[in-house]
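Colleague: I would like to learn how to read helix packing and ligand contacts from a model. Could we work through a case?

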Amino acid sequence: MEIAIIGGGAAGYFAAIHAAGKGRNVCIYEKSPKLLSKVKISGGGRCNVTHRPMEISKLVKNYPRGEKFLKRVFRHFDSTDTISWFESRNVPLKTEADGRVFPMSDSSSSIIGALMQEAQKLGVVVKTGWALESLIQESQKWNLRFSKENIGADVVILATGGHPKIDGYGFLKLLNHKILDPIPSLFTFNTPSEPIRELMGLSAPQVHVKLEGTKLSYQGPLLVTHWGVSGPAVLKLSAFGAQWLHDHDYEARAIINWNATFGEEDYRNSIQSFAAANPKKMLKNYPLFELPARLWMHFLEKSEIAEEAIYGNLSKKQLNRLVQNLFCYILTVKGKTTFKDEFVTAGGLDLSEVNPETMESKYHPNLYFAGEILNIDGITGGFNFQAAWSTGYLAGKSITHKNL
Ligand SMILES: Cc1cc2nc3c(=O)[nH]c(=O)nc-3n(C[C@H](O)[C@H](O)[C@H](O)COP(=O)(O)OP(=O)(O)OC[C@H]3O[C@@H](n4cnc5c(N)ncnc54)[C@H](O)[C@@H]3O)c2cc1C
């Protein structure tokens, strides 16, 4: 059986490794001169290979697109399997406090080494500089047209990754597969007109951010950057709100509660009881709610509370303004910035056209898909690679059950 795998990235390699063996000739065709290039640069060169294992029902919640589909895929291969796969190939892994899993070596080359060695051991052939241009099925065989020459194959796995433009999915359109417009996911919010940018570098540990006009809101650390705001809460919001934000031209209002453990009345009561116990203390010297002093000063200024003001003299109006700034601070968002070059595409091949038990096309027998070519994307934290390993594994394994 001739198996052509298109794309030498994480998903293509994993599919090739699991398809190889017993009379099956597996060849990876990669258009660029480089293999596994995204794995190499991923996680700042450390490769955040997956996330700490959790129940599948929780794991899938980290995917703004693909949740239902992945529920079935992960039953075959999930983050526990990823960890055992690499560890059993001499790549010890470590889990950081936030759940991200990295190779103990802190170098993506350990991951690349394991994938390449395994592929080589199983006799997978790898060809670089081969760009697929189109494919058609003729009497049970696939005919693939590359920039160099044409080849035939019994089975094809498309693992060409995500593309920022719909033209990148040209060969899928020719097969009449439905492509959902690619749009960016995982970005930080630009807030060009907001004075808070002057607090660049400052972070708050437990913030609740809501996107006005949607039901979307997330909790987590928030970081003030040169251009606006970033951090897990914002990134999560950008991923789940990717379509909405795209449709609104990245203009929105984000509503922030700076300490998610407090509600509006909790803030008011806490300030009042602190004031009653410490009437002579100056507000600027006693920030509350575990907020950084610079941020607290910013709130005092925004609430028109004088620098020398003491808790005992806080007027009702000032108290109200301070509570509003703490509980529902409004940030005007205008534009976005890519997160650490970690461009992830939302959009791609419509999942309703793929069998989630096999990764085979519902329209074209012997055509499979794996990785970011699919309309699947995860939030930051190792979830995108997990989807690539799982879909790659399933596509490869499904082929081994085929008798052609
Ligand atoms: C800077 C950066 C850092 C990241 N860090 C992380 C991280 O730490 N953890 C995480 O989970 N995710 C991370 N991601 C996301 C992750 O890299 C991707 O989700 C993952 O690489 C997708 O794998 P893939 O194999 O589907 O696609 P890709 O890795 O994009 O591989 C697709 C391959 O197909 C080739 N190709 C495309 N078209 C053709 C064609 N016509 N013919 C032949 N070959 C073709 C491409 O050249 C490419 O090599 C990061 C992404 C970026 C950009």
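Colleague: Which hand does the crossing of α10 and α12 have?

Modeller: In this predicted model, α10 passes α12 in a right-handed crossing. The axes of α10 (residues 264–277) and α12 (residues 316–327) come within 9 Å and cross at roughly 130°. Angles over 145 degrees count as roughly antiparallel, so α10 is oblique to α12.

Colleague: Which residues make that contact?

Modeller: From α10, Glu264, Tyr267, Arg268, Ile271 and Gln272 take part; the α12 side includes Leu319, Leu322, Val323 and Phe327. By class, the contact of α10 with α12 has seven nonpolar, three polar and two charged residues.

Colleague: At what angle do α1 and α13 cross?

Modeller: The axes of α1 (residues 10–19) and α13 (residues 383–400) cross at roughly 30° and come within 7 Å. Angles under 35 degrees count as roughly parallel, so α1 is roughly parallel to α13. Their crossing is right-handed. Among the α1 residues that meet α13 are Ala11, Phe14 and His18, and the α13 residues include Phe385, Trp389 and Tyr393. The contact of α1 with α13 divides into nine nonpolar, four polar and one charged residues.

Colleague: Which atom of Leu132 lies 2.9 Å from a ligand nitrogen?

Modeller: A polar backbone atom. For Asn48, a backbone N or O atom lies 3.0 Å from a nitrogen atom of the ligand. With Lys38, a polar side-chain atom is 3.5 Å from a ligand oxygen atom.

Methods:
Residues are numbered from 1 along each chain as its sequence is written. This is a predicted model: local features need pLDDT of at least 70, side-chain atom pairs count only at pLDDT 80 or more; totals for chains, interfaces and linings use all residues. Side-chain values use heavy atoms; hydrogens and water are left out. Axes are lines fitted to C-alpha atoms, for helices over the stretch in contact, and angles run from 0 to 180 degrees between N-to-C directions. Helices (H or I, at least four residues) and strands (E, at least two) are DSSP runs, numbered from the N terminus. Angles under 35 degrees count as roughly parallel, over 145 as roughly antiparallel, 65 to 115 as roughly perpendicular and the rest as oblique. A crossing is left-handed if the near helix is turned anticlockwise from the far one by less than a right angle, and right-handed if clockwise. Contact means heavy atoms within 4.5 Å. Ala, Val, Leu, Ile, Met, Phe, Trp, Tyr, Cys and Pro count as nonpolar, Asp, Glu, Lys and Arg as charged, and the others, Gly among them, as polar. A polar contact is a pair of N or O atoms within 3.5 Å; within protein, one must be able to donate a hydrogen and the other to accept it, and residues adjacent in sequence count only if both atoms are side-chain atoms.
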